[in-house]
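Okay, thanks for having me, everyone.

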Amino acid sequence: MNIEQRSCATSLPRAAVMAVVLGAIGAYGGFVSPSAAADDTDANQANASPNCEMEELDVPDSQFDHYVTDMDAQASYIAGNAHNNDGSNQRMPWVFHDGQAEYIDAPYDHAILTAINSSGTGVGYSDGPERQDVPWIYEDGEVTELPDMKNFQLEDINEGGDIVGNKVDPFVIRAGETEPTFLELPDEAEEGRVNGINDDGVAVGWFVTPENNDWENPLYEPYMWDEDGNGTKLALPGDEPFHSFAQSIQDDWITGYPALRWNLDGDDEPQPEEIDGMSLAHHTSPSGMTAGAVDVDEGYGYQAVLATPDGTVELPSLKDPDGDAFSYGLRVSEDGHTVVGTSEGPDGLVHAMSWTCK
């Protein structure tokens with residue numbers, strides 16, 4: 001979750017929080033119309049495979065909203081957060097493993113578990129004293145605070161233990177090191193953020209220039225850093241820049257907003273691919289399966305979908321989108337058979353979901 005998403009979510013109603021988490025902020029413009037992508041969905045589904053079955057994750061305290069934030073490549077661990085609906089904005093991180101989720105003992109009442117790997121090691125941060133972010137690492141069932149890194153937000157961790165995060169500017173903490181190394185940004189950048197890192201140490205995120213950093217309509221540009229921390233702009237389709245960012249990377253696949261992906265595969269300048277039948281893309285497996293959502297009501301409703309090499313599959317939801325319902329796929333396992341995400345139910349709560357696709 002980006003810093004602007006987190007700050008907006010503190011005061012928005014639940015349906016709006018879902019839209020923010022999806023990156024579907026109406027003020028962002030300049031990309032291919034989501035409704036145009038929605039028009040292609042039925043045609044894509046006609047030849048699509050596989051079939052996907054839905055299951056609600058067994059999470060604690062079912063009276064809360066439950067958001068999935070990450071899953072490791074082997075689908076062994078799922079990270080998520082419970083949000084209290086009483087107006088307190090209490091957030092309680094949990095880890096799902098071996099068929100059940102349990103809360104982790106994170107510091108303070110407003111905590112976010114952002115990422116987890118296949119060894120069960122996770123990273124996150126909490127709102128601490130005087131509104132200072134307190135980063136922490138979850139390992140072997142224990143949470144360790146990083147007291148010397150106040151206001152650092154940890155965003156992702158790879159299998160080797162490399163961690164990326166942000167403190168105004170993006171940084172990486174390589175496995176075995178204790179000090180962050182800040183990642184370079186273009187000379188014209190005012191600020192930037194890193195959102196993900198793969199097992200080769202390639203990281204992705206975005207940057208924004210001063211003239212494009214309008215709060216109501218910022219123009220982010222997608223960016224990547226190689227294993228040595230050298231930065232490169234990611235190409236966009238068309239001749240004009242538009243609001244976009246790279247938000248996840250697995251293996252050679254980079255997935256970005258709104259519905260784009262890039263395949264590295266030894267290419268120093270990967271070209272963008274627009275994903276048919278999808279409005280918002282979140283994550284792509286090594287086999288090219290992308291989890292995300294399609295706009296079904298001009299930004300007021302989203303349906304979870306999985307883009308496959310054969311077409312786009314609609315993932316079952318707890319209720320049909322009717323203008324205020326949301327579901328989306330967030331992460332795909334390495335083998336492409338497991339998708340996790342969320343779906344709003346008839347009870348009005350957000351539920352943590354898993355889809356098995358065969």
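I'll go through confidence, then strands, then the disulfide and the salt bridges.

Housekeeping to start: this is a predicted model, where local features need a pLDDT of at least 70, side-chain atom pairs count only at pLDDT 80 or more, and totals for chains, interfaces and linings use all residues. Residues are numbered from 1 along each chain as its sequence is written, and side-chain values use heavy atoms, with hydrogens and water left out.

So, confidence. pLDDT is the predictor's own confidence in each residue, from 0 to 100. The protein chain averages 85, and 85% of the residues score at least 70. Residues 1-48 are another story, with pLDDT below 50. That stretch still has 101 contacts in the model beyond near neighbours in sequence, a contact being heavy atoms within 4.5 Å.

On to strands. These are DSSP runs of E, at least two residues, numbered from the N terminus, and two strands pair if DSSP finds at least two bridges between them. Have a look at the open sheet of 4 strands, ordered β10-β11-β12-β13 with antiparallel pairing. β10 (153-157) and β13 (181-182) are at the edges with a single partner strand each, so one side of each has no neighbour in the sheet. Inside that order, β11 (residues 163-167) and β12 (residues 169-173) share 5 bridges, antiparallel, and Gly 165 has Phe 171 in β12 as its bridge partner.

Now β15, residues 203-208. How many of its residues are buried? The count is 6 of 6, where buried means under 20% relative accessible area, exposed is over 50%, and partly exposed is in between, using a 1.4 Å probe and protein chains only. Both faces are covered, with Ala 203, Gly 205 and Phe 207 on one side and Val 204, Trp 206 and Val 208 on the other.

β15 pairs antiparallel with β14 (residues 191-197) through 6 bridges, and Glu 191 sits opposite Val 208. The two form a hairpin with 5 residues between them, and Gly 201 in the turn has a positive phi of about 90 degrees. β15 also runs antiparallel to β16 (residues 221-225), with 5 bridges; there, Val 204 is partnered with Met 224.

Next, the disulfide, meaning a pair of cysteine sulfur atoms within 2.5 Å. We get 1 by that rule: Cys 52 to Cys 357, S to S 2.1 Å.

Last up, salt bridges: a side-chain nitrogen of Lys or Arg within 4 Å of a carboxyl oxygen of Asp or Glu. The whole structure has 7. One of them joins Asp 127 and Arg 91, at 3.0 Å from N to O. Asp 127 lies in β7 (residues 122-127) and Arg 91 in β4 (residues 91-97), so the pair ties together parts 36 residues apart in sequence. Both are buried. Asp 127 also bridges to Arg 131, with the closest N and O atoms 3.6 Å apart. Is Arg 131 buried or exposed? At 60% relative accessibility, Arg 131 counts as exposed.
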